[in-house]
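The surface of one chain is taken up first, followed by its architecture, its partner and a single residue.

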Amino acid sequence: MFEIKCPWCGARDESEFTYGGESHIARPDPAASSDEVWAEYLYYRTNTKGWFRERWRHTFGCGQWFNVLRHTATHEIKAVYKMTDRAPEIEP
Amino acid sequence: MAARKPSFRSRYSVLSLIRNALSYHDGWAQAWRSPTPKEAYDVIIVGGGGHGLATAYYLAKNHGITNVAVLEKGWLGGGNTGRNTTVVRSNYLYPESARFYELSLQLYEGLSRDLNYNVMLSQRGLINLGFSRHEMDLFGRWSNALQLSGIDCEMLTPAEIKKLAPLIDISPSARFPLHGGFIQRRAGIARHDAVAWGYARAADAYGIDIIQECEVKAVRRDRGRVIGVETTKGYIGAKKVGVAVAGHTSVLTEMAGFRVPLDSCALQAFVSEPIKPVLDVLLMAGLVHVYLSQSDKGELVIGGGSDAYNSYAQRGSFSTIEHTVEALLSLFPAFSRLRLMRQWAGITDISPDRSPIIDKTPVENFFVNAGWGTGGFKAIPAGGWTFAHLIATDRPHPLIEPFGLDRFRTGALIDEGAAAGVAH
């Protein structure tokens with residue numbers, strides 16, 4: 001269990017949020033994509049053990065989507081940033 | 001297939017129990033050796049859980065391949081094999097799954113004899129509970145599908161369920177009024193540690209090396225082909241490598257240079273304090289997200305849905321416990337007086353369609369057995385059986401042909417996600 005600092009509402013309990021999975025996955029052009037590329041986009045994930053960039057939604061709050069840089073083994077959160085922001089670098 | 005026999009240092013029997021009792025149990029042989037790794041093996045299995053150990057066993061038993069090592073980073077069965085709720089069943093909706101899990105259940109039914117190790121299989125029956133007309137319609141379809149697949153299953157009325165589980169609240173004023181359910185009577189539970197230990201001891205008896213506290217740190221490749229693994233005990237060469245590491249599959253495949261369609265999530269379970277027998281069937285309530293059984297020790301073994309976010313932390317979120325307990329108490333108000341004694345989590349590898357992935361990979365001679373998600377325990381015998389077949393012959397066993405990686409490209413998913421509910 002951990003707290004997430006919503007960019008609009010401040011720190012709230014994890015249970016107020018909905019998870020949106022890995023972030024920064026660019027949607028390829030479906031018409032110009034092979035089945036391999038499309039499968040990669042739909043299903044293949046990095047699933048990192050360590051620092052992971054992911055999407056969250058403050059469902060039981062402001063309802064906004066945003067990004068979080070979280071460590072998947074310790075749940076430590078290093079950055080919270082907006083959907084349109086550039087992805088932060090991950091230092092080992 | 002060469003049907004060889006393992007050579008146990010001491011066979012377990014009533015006679016050996018009496019003999020060893022007379023010598024104050026000092027004479028038992030070690031169940032398996034703890035060898036130092038050889039320089040190279042024909043096959044290395046990464047992961048000393050149920051699937052890895054079963055794979056090693058069936059490599060030897062069914063295919064005569066015994067120059068095999070099982071590498072385990074911790075201790076045997078210390079991952080998900082020791083963290084599940086020990087449910088064994090084959091009541092899957094889709095024929096591909098039903099066929100596979102039915103083989104697994106049948107292997108479980110003969111496992112104690114096959115391994116010369118009591119896995120304490122108790123086929124006490126599993127009831128899926130329905131709380132609306134619509135769920136009952138789905139159950140009707142589901143149980144018909146099962147019967148067409150040749151799997152035992154019967155629909156039950158609330159009164160029949162009450163007879164099998166007397167403490168359940170079926171009154172019209174219940175939070176979720178019970179409409180009925182269906183039962184697979186051959187489903188049950190087995191002792192999870194015994195499954196790992198039984199396979200380990202039998203694999204060892206074939207001369208297979210089981211190496212604990214040996215973590216794989218890198219996968220060495222040469223021109224697109226695997227040639228060995230770097231471990232905490234040094235480099236070990238291998239002609240073939242099979243990975244059966246559940247929630248850490250993505251970590252291993254990243255070492256080998258490719259990604260898989262998996263997300264790792266924590267799945268929790270917990271037990272109550274031990275009480276006298278109150279429940280001798282397994283219950284599963286997909287709508288409210290809880291399932292439970294009572295162990296031989298008297299503890300209620302309780303599970304629910306998995307945590308919602310990617311995690312490699314083996315502990316889990318409190319809100320999931322709260323949610324699961326709420327669901328439990330809506331069915332069994334009497335259990336509100338019980339205290340929970342232990343809680344734990346395992347890291348499960350969840351695939352997009354909640355079906356397993358047993359296949360070759362982009363790296364030659366590097367095989368993967370993964371995607372068991374929240375239900376790997378029941379699949380151990382058939383998972384090992386078919387994975388051994390794939391590694392030994394380079395061709396998928398007919399039962400796992402539908403469970404290849406290519407299904408994500410073709411779209412031929414086996415979508416048990418909704419069908420399986422919260423069942424584990």
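In this predicted model, chain A exposes about 5,300 Å², of which carbon and sulfur atoms supply 48%. Buried residues account for 37% of the 92 residues in chain A. The chain also takes part in an interface with chain B, where 24 residues of chain A are in contact with 26 residues of chain B.

**Architecture of chain A**

- The C-alpha trace of chain A spans about 40 × 30 × 20 Å along its principal axes.
- Of the contacts in chain A with a separation of 6 or more, 48% are between residues 24 or more positions apart.

**Charge in chain A**

- Chain A carries 12 positive and 14 negative charges.
- The mean positions of these positive and negative charges lie 4 Å apart.

**Interface between chain A and chain B**

- Together, chain A and chain B bury about 2,200 Å² between them, with 51% of that area on carbon and sulfur atoms.
- On the side of chain A, the residues that lose the most area to chain B are Tyr43(A), Tyr44(A) and Asn47(A), which together provide 32% of what that side buries.
- Two salt bridges are counted between chain A and chain B.
- A salt bridge joins Glu40(A) to Arg259(B), and the closest N and O atoms of this pair are 3.1 Å apart.

- Arg55(A) is located in strand E4 of chain A, which comprises residues 51–57.
- The relative accessible area of Arg55(A) is 32%, so this residue is classed as partly exposed, a category that lies between buried, under 20%, and exposed, over 50%.
- Leaving aside residues up to four places away in sequence, Arg55(A) touches Thr18(A), Tyr19(A), Gly20(A), Gly21(A), Glu22(A) and Ser23(A), and also Trp65(A), Phe66(A), Asn67(A) and Met83(A).
- Between Arg55(A) and Tyr81(A) there are 26 residues of sequence separation, while their C-alpha atoms are 9.7 Å apart in space.

Technical notes
Residues numbered from 1 in each chain as written. Chains lettered and ligands numbered in written order. Predicted model: local features only at pLDDT ≥ 70, side-chain atom pairs only at ≥ 80, totals over all residues. Heavy atoms only, no water. Buried < 20%, exposed > 50% of the residue type's maximum accessible area, 1.4 Å probe, protein only. Contact = heavy atoms within 4.5 Å. Areas by Shrake-Rupley, 256 points an atom, 1.4 Å probe, with all protein chains shown as cover. Lys, Arg positive; Asp, Glu negative; His and termini not counted. Charge placed at Lys NZ, Arg CZ, Asp CG, Glu CD. Buried area = accessible area lost by both parts, 1.4 Å probe. Salt bridge = Lys/Arg side-chain N within 4 Å of Asp/Glu carboxyl O. Helix = DSSP H or I, 4+ residues; strand = E, 2+ residues; numbered from the N terminus.
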